[in-house]
Amino acid sequence: MQEKGLLIVLSGPSGVGKGTVRKQIFSQPDTSFEYSISMTTRLPRDGEVHGVDYFFSKREEFEELIKQEKLLEYAEFVGNYYGTPVDYVRETLDKGRDVFLEIEVQGARQVREKFPDGLFIFLMPPSLTELKNRITTRGTETEDVIKNRLTAAKEEIEMMNLYDYVVENDQVELASERIKSIVVAEHCRRERVEPRYKKMLEVE
Ligand code: 5GP
């Protein structure tokens with residue numbers, strides 16, 4: 001039987017740089033995991049492409065998917081829905097490929113319930129001042145949205161205890177390398193590899 005892939009969840013507060021770190025990870029040729037493209041009801045930002053950055057959808061369409069249980073998790077974040085299409089995740093894991101989710105913390109908590117043995121990584125800002133700078137300098141959000149995001153971020157940091165690892169995003173390249181190293185280590189974890197080697201002993 002095909003061994004299942006690992007479900008890797010990268011989460012952390014709004015503005016910490018999850019998207020940037022994820023793009024850095026996937027820009028490298030040696031990255032071997034598959035990115036699960038999320039669905040959202042927010043409008044595309046400049047340069048964002050449907051089917052690459054997100055599947056952009058209408059609220060009614062999104063709510064229909066919720067009803068049909070087609071989302072592994074979803075959350076409403078600053079007025080928009082975000083969610084992970086479940087079929088892609090299950091099919092890819094079944095093929096033995098690792099799947100990488102980059103999602104906010106409410107969603108990560110739902111995934112933890114459904115996939116308790118997933119790998120949960122919390123991306124941490126070096127400081128709150130730094131986080132505020134990052135949200136502000138992105139320049140695409142209104143004052144109100146920035147304020148909401150900062151308040152949400154403080155609550156989100158308190159949810160760190162649900163995670164297996166915490167990675168500081170002091171430099172994007174370093175954070176990306178740390179995450180990749182964690183995945184390599186996780187694949188060697190005794191609980192994960194033991195069944196494979198037990199089987200080997202049975203055969204020989
Ligand atoms: P943004 O609007 O800046 O692209 O994303 C806002 C937040 O939604 C970010 O924290 C991002 O990680 C999160 N997000 C993106 N996709 C998903 C998803 O599928 N599910 C959940 N729960 N959050 C998501």
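Biologist: What makes F55 the bridge partner of M39, and how do you know that their strands pair?
Modeller: In this predicted model, M39 has its bridge partner F55 in β4. Strands are DSSP runs of E, at least two residues long, and helices are runs of H or I of at least four, numbered from the N terminus. Two strands pair if DSSP finds at least two bridges between them. Strand β3 (residues 39–40) and β4 run parallel and are joined by two bridges, so they meet that definition.

Biologist: Why are β4 and β5 called edge strands?
Modeller: Each of them, β4 (55–56) and β5 (71–77), pairs on one side only. The open sheet has the order β4-β3-β6-β5, with mixed pairing.

Biologist: How many helices and strands does the protein chain have, and why is it called as compact as a globular protein of that length?
Modeller: There are eight helices and nine strands. The radius of gyration is 18 Å, close to the 17 Å from the globule rule for 204 residues, so the chain is as compact as a globular protein of that length. That radius is taken over C-alpha atoms, and the rule is 2.2 Å times the number of residues to the power 0.38.

Biologist: What makes a residue buried, and what share of the chain is buried?
Modeller: Buried means under 20% relative accessible area, with a 1.4 Å probe and protein chains only. Buried residues make up 45% of the 204.

Biologist: What should I remember about the numbering and cut-offs?
Modeller: Residues count from 1 along each chain as its sequence is written, and side-chain values use heavy atoms, without hydrogens or water. Local features need pLDDT of at least 70 and side-chain atom pairs 80 or more, while totals for chains, interfaces and linings use all residues.

Technical notes
Buried < 20%, exposed > 50% of the residue type's maximum accessible area, 1.4 Å probe, protein only.
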